[in-house]
Amino acid sequence: MAATIVLAGSTPGVAAIPDIGVPDVVQTRRIGELRTSPDGRFGAAVVVEPSVADTTVTSRVLVLPLLIKA
């Protein structure tokens, strides 16, 4: 009886599984509140970015123009 062992990344076309640790999970940016302006031309989101190195959490408001089809 023959056995075949396939490791991720050793087969062409198969992506390797990345190593994800606790710092990677903790430092992931998160999008909080989402809002649109009353006229619908702009969107805003609160982006929260924790930092393990600085032991801080930075929150930013991101404002982007929205595409409007006429």
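**View 1. Strands β1 and β2 run antiparallel and are joined by five bridges.** This close-up comes from a predicted model. Strand β2 covers residues 42–51. Two facing pairs can be picked out. Arg 35 has Ala 44 of β2 as its bridge partner. Thr 36 stands opposite Gly 43, also in β2. Strands of a sheet pair through backbone hydrogen bonds, and the pairing may be parallel or antiparallel.

View 2. Ser 37 belongs to the loop between β1 and β2. What does the side chain of Ser 37 reach? At 3.2 Å it meets the backbone nitrogen of Arg 41. The Ser 37 side chain also makes a polar contact of 2.6 Å with the side chain of Asp 39.

**View 3. Strands β2 and β3 pair over 10 bridges.** Their pairing is antiparallel. Gly 43 faces Leu 64 of β3. These two strands also form a hairpin, with four residues between them. Here Thr 55 takes a positive phi near 50 degrees.

**View 4. Three strands make an open sheet in the order β1-β2-β3.** The pairing is antiparallel. Which strands stand at the edges? They are β1 (30–36) and β3 (56–65). Each has a single partner strand, so one side of each lacks a neighbour in the sheet. From one strand to the next, the twist averages 20 degrees. In a regular strand, side chains alternate between the two faces of the sheet.

**View 5. Gly 43 lies in strand β2.** Is Gly 43 buried or exposed? Its relative accessible area is 12%, so Gly 43 counts as buried, the cut-off for buried being under 20%. Setting aside residues up to four places away in sequence, Gly 43 touches Arg 35, Thr 36, Leu 62, Val 63, Leu 64 and Leu 66. Take Leu 62 as an example. Gly 43 and Leu 62 are 19 residues apart in sequence. In space, their C-alpha atoms are 8.2 Å apart.

**View 6. Arg 35 and Glu 33 form a salt bridge.** Their closest N and O atoms are 3.2 Å apart. Arg 35 is exposed, with a relative accessible area of 56%. Glu 33 is partly exposed, at 48% relative accessibility. Side chains of opposite charge can pair when their charged atoms come close. The model has four salt bridges in its count.

**View 7. Arg 29 and Glu 49 form a salt bridge.** The closest N and O atoms are 3.3 Å apart. Where do the two residues lie? Arg 29 is in the loop between α1 (22–26) and β1, while Glu 49 is in strand β2. The pair links distant parts of the chain, 20 residues apart. Arg 29 is exposed, with a relative accessible area of 57%. Glu 49 is partly exposed, at 23%.

**View 8. Arg 60 and Glu 49 meet through their side chains in a salt bridge.** The N to O distance is 3.1 Å. Arg 60 lies in strand β3 and Glu 49 in strand β2, 11 residues apart. This pair, too, links distant parts of the chain. Which residues do salt bridges with shared partners join into one network? They are Arg 29, Glu 49 and Arg 60.

Technical notes:
Residues numbered from 1 in each chain as written. Predicted model: local features only at pLDDT ≥ 70, side-chain atom pairs only at ≥ 80, totals over all residues. Heavy atoms only, no water. Pairing = 2+ DSSP bridges. Axes fitted to C-alpha atoms, helices over the stretch in contact; angles between N-to-C directions. Polar contact = N/O pair within 3.5 Å; in protein donor to acceptor, adjacent residues only side chain to side chain. Buried < 20%, exposed > 50% of the residue type's maximum accessible area, 1.4 Å probe, protein only. Contact = heavy atoms within 4.5 Å.
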